[in-house]
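The following note concerns the salt bridges of the structure shown below.

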Amino acid sequence: MIHQQWQTMLTDEAAPEGPGLAYLPELAVIRFDGADAAGFLQGYLTCDTGDLEPGMLAPTALCSLKGRVVLDGWCALDPDGRGILLVLHRSLAARLAEFLAMYLKFSRTSLEDVTARTLVLGSLDLADASDAGGLRLDSRRRLYLFDDVDAATGLWTAEPHITAEAWLAALTEDGFPLVTDPVSERFLPQMLDLARLGAVDFEKGCYLGQEVVARAQHRGEVKRRLARLTWDGATPPAPGTDVQDADGRSIGVIV
């Protein structure tokens, strides 16, 4: 309902580049609650949940037993102090719930997808943007999570607007690969530069896939890496598309 209400606010022309504020319906928000939420996630996320700071988003990933990235995104302490929030691409929200369902049965932790009642706004290069309700992602970006249209409107009307595509494109330009369903469980974190981006803590205890990820890090076994490409054409290839050279040999995959 909140997203339908918000559509009535999108009456102006959003700019194709920053600075500005974007409405990001492609992002999902998952809330983990319970006495053991941080401890539970410590065994599955690649970041150290014990190091989460109020008002900050930490890059992270969830890996399979084989060390492949199921999803990536950012996690943060819930502003109410009772839970942990995970922000990821919306195409993987259901997969996350299915993936963790078996493990949650043995934990004092609950998982709730709050995307349907949460507006996600993202700022890009807005140095004077309000800190109210904002979570700092990096030096260029904040995410704002609202469960009330009126509260979101106050920020929205105070800033210039950019498209979601512009916000996500800037993320790609800065080297952060947001994993979507077509490429889930295809790459090690190092293949996606997630270790360089600080999403993997090699000092924390064990987590799902940790042995494979650590071995790849310390033995230098990763030969595939991210590269940024520009596309000259009408419609760029979709994530998961195989890239071939002139002789038909596979040289990569679109992330």
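1. In this predicted model, the side chains of E112 and R117 meet in a salt bridge, with N and O 2.9 Å apart. E112 is partly exposed, at a relative accessible area of 34%. R117 is likewise partly exposed, its relative accessible area being 44%.

2. A salt bridge also links R140 to D174, whose closest N and O atoms lie 2.8 Å apart. R140 belongs to the loop between β8 (134–136) and β9 (141–146), and D174 to the loop between α5 (164–173) and α6 (210–219); the pair therefore ties together parts that are 34 residues apart in sequence. R140 counts as partly exposed at 26% relative accessibility, and D174 is partly exposed at 36%.

3. The R140 and D174 residues are also members of a network: salt bridges that share partners join them with D125, D138 and R141.

4. R31 and D78 form a further salt bridge, and their closest N and O atoms are 1.8 Å apart in the model. R31 lies in strand β2 (residues 27–33), whereas D78 sits in the loop between β4 (69–77) and β5 (83–89), so this pair connects parts that are 47 residues apart in sequence.

5. As to the overall count, a search of the whole structure finds 13 salt bridges. The pairs discussed above are among them.

How values were computed:
Residues numbered from 1 in each chain as written. Predicted model: local features only at pLDDT ≥ 70, side-chain atom pairs only at ≥ 80, totals over all residues. Heavy atoms only, no water. Salt bridge = Lys/Arg side-chain N within 4 Å of Asp/Glu carboxyl O. Helix = DSSP H or I, 4+ residues; strand = E, 2+ residues; numbered from the N terminus. Buried < 20%, exposed > 50% of the residue type's maximum accessible area, 1.4 Å probe, protein only.
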